[in-house]
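Please read the following report alongside the coordinates, beginning with the charged side chains and moving on to helices, individual residues and surface.

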Amino acid sequence: MKKGFNIRFVLRTLGFVLIIESLLMMSCSLVAFYHQEVAGDAILTSCGITIVVGVLLQMLGADSTPKRTSKRESFLAVTLVWLGLAAFGMLPFYLSGTAKTMGDALFETMSGFSTTGCTILTDIDHVPKSLLLWRSITQWIGGIGIIVFALLLLPMVGGDGTSLYNSEATGIVKDKFSPKLKETVRALWMVYLLITTTLFMLLWAGPMGIFDALCHALTTVSTGGFSTKQNGVAFWDSAYIDYLLCLFMFVGGINFSLIYFALRGQVQKVFSNEEFRWYTAIILITTAISFIALLAFNHYEHPEHSFRKSLFHVISVITSTGFATADFNAWGVFFSLLMCLLMFFGACAGSTSGGVKMVRMMVLAKNAINEFKRQVHPHAVLPVRLNGSVVPMDVVTKVLAFIFLYLSIWVFSCMLLSLTGMNFDDSVGAALSCLSNAGAAIGSVGAGGDFSGVPDMAKWYLSFLMLVGRLEVFTVLSLFMPTFWKK
């Protein structure tokens, strides 16, 4: 017989995170008052509402810390935390009038926290700086969610927090490079902060001002893709910025545990990692294909421009960052299909990127090859191996189930969005973009476009789809199973 939920613990968890969110909002209000922006009042009001609700939830959940959380409590807590972050995080956009409807405000905020990067804003150049900073912070916190969420909750959990960590961490294996989860999380936090600070300094040293450099550092390392300009990164038209962002988007797509080992001098762990090699190889191959195709179709006069555009968009899409320096849909159908494939793949597990993740594609490919071998040798024992180790059959089964669900949700979402009045290209592109947390898309919502014209019902559904993609399907969808709620 299953135990009942410790609802008070779930409420306390949500309250604690909302208090942290209110403090982050407060930092944006300081920017608003420095620049004498009207949005400052809306941000302060949002901050007040958020902290009051957070404190009340903390009080309701007092003395509820369990020795160890169950999977059900962890799934519920993680899902409610992300919903709560978006629900209260949208208040500055809605109360300031930047977002016209609650659906728009929720879409923009969920796109931030899920690091998707889709937007309903049509004139970003005239959005108050305080709200632009809040957009960037939502993505940075969303990207670090795998790290900072566990770090913040460890003192409350009273145990090792493993269940909460696993409910949010991406991939099929949760890397721990320290015997204690708390030390693992702290190390990952330091890596994330170090990379962000480094990129900020390098961007500031180039054509960007201090504010733009800060916002783009926050949204690049988190592979989120929000920009402070309507034209995005193309506004600067700088090879320095393009190549710099390529490097840090690439780093954002690497498993953070590998970056940690590299910083400690164990670089061989990075290059010997099979997922990293696949990730790098696919980027190199697709960049070469894109580069050759751009040259063949004479899209750009200078070969360096063709190479830079190819490299930038391949890395931006596969890491689900979504930055764009050109509309790749204008290059032709071939490029749109290529980018959709990269959106689906995603980068490495344990990174800030979205998509299926490279490790799952590796398991799928190796299992398929083994099936061909079994046709000839039906009695042969052919396990799937990653980095020299055998992948347990239950993990292979879970990967197959994940990909089946992922594709099923995508197809269902395309059909549902088409019922709201969206055309084929927009339905396919929006569904894949939001489920993969990619930001980039095809159709009118693709590069250079926005989601302002999407029907309201579709915006609400796409907001939910971003959450499903961010928490990797099982965590959210488990809550819809009747057995999840039975004692």
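Asp104 and Lys459 form a salt bridge in which the closest N and O atoms are 2.5 Å apart, a salt bridge being a side-chain nitrogen of Lys or Arg within 4 Å of a carboxyl oxygen of Asp or Glu. Because Asp104 lies in helix 5 (residues 102–113) and Lys459 in helix 20, the pair ties together parts that are 355 residues apart in sequence; helices here are DSSP runs of H or I with at least four residues, strands are runs of E with at least two, and both are numbered from the N terminus. The model is predicted, so that local features need pLDDT of at least 70 and side-chain atom pairs count only at pLDDT 80 or more, whereas totals for chains, interfaces and linings use all residues. Residues are numbered from 1 along each chain as its sequence is written, and side-chain values use heavy atoms, with hydrogens and water left out.

Lys459 also meets Asp456 in a salt bridge of 4.0 Å, N to O, and these two residues both lie in helix 20, 3 residues apart, about one turn of the helix. Asp104 is buried at a relative accessible area of 10% and Lys459 is buried at 3%, while Asp456 is partly exposed at 45%; buried means under 20% relative accessible area, exposed over 50%, and partly exposed in between, with a 1.4 Å probe and protein chains only. Another salt bridge joins Glu304 to Arg308, and the two residues lie 4 apart in helix 15 (residues 303–318), separated by about one helical turn. Of this pair, Glu304 is partly exposed at 26% relative accessibility, and Arg308 is buried at 8%. The total by this rule is 9 salt bridges, and the table lists three of them.

| Salt bridge | N to O distance |
|---|---|
| Asp104 and Lys459 | 2.5 Å |
| Glu304 and Arg308 | 3.1 Å |
| Asp456 and Lys459 | 4.0 Å |

Glu472 is buried, with a relative accessible area of 7%, and has a positive phi near 55 degrees although it is a residue other than glycine. Asn437, in the loop between helix 19 (424–435) and helix 20, likewise has a positive phi of about 55 degrees without being a glycine, and it is buried at 2%. In helix 17 (residues 358–376), Lys366 reaches the backbone oxygen of Arg385 with its side chain at 2.7 Å. Not counting residues up to four places away in sequence, Lys366 touches Glu274, Val384, Arg385 and Leu386, contact meaning heavy atoms within 4.5 Å.

Helix 3 (residues 71–89) has 19 residues and reaches 26 Å from its first C-alpha to its last, close to the 27 Å expected at 1.5 Å a residue, the expected span being 1.5 Å times one less than the number of residues. As 15 of these 19 residues are buried, helix 3 is largely enclosed by the rest of the structure. Within helix 3, Ser74 is buried with a relative accessible area of 0%, and its C-alpha is separated by 8.1 Å from that of Val10, 64 residues away along the chain. Leu85, also in helix 3, is buried at 7% and, leaving aside neighbours within four places in sequence, is in contact with Val17, Leu18, Glu21, Thr109 and Phe113.

Taken as a whole, the protein contains 22 helices and 2 strands, and 57% of its 487 residues count as buried. Among contacts between residues at least 6 apart in sequence, 72% join residues at least 24 apart.

Definitions and conventions: A polar contact is a pair of N or O atoms within 3.5 Å; within protein, one must be able to donate a hydrogen and the other to accept it, and residues adjacent in sequence count only if both atoms are side-chain atoms.
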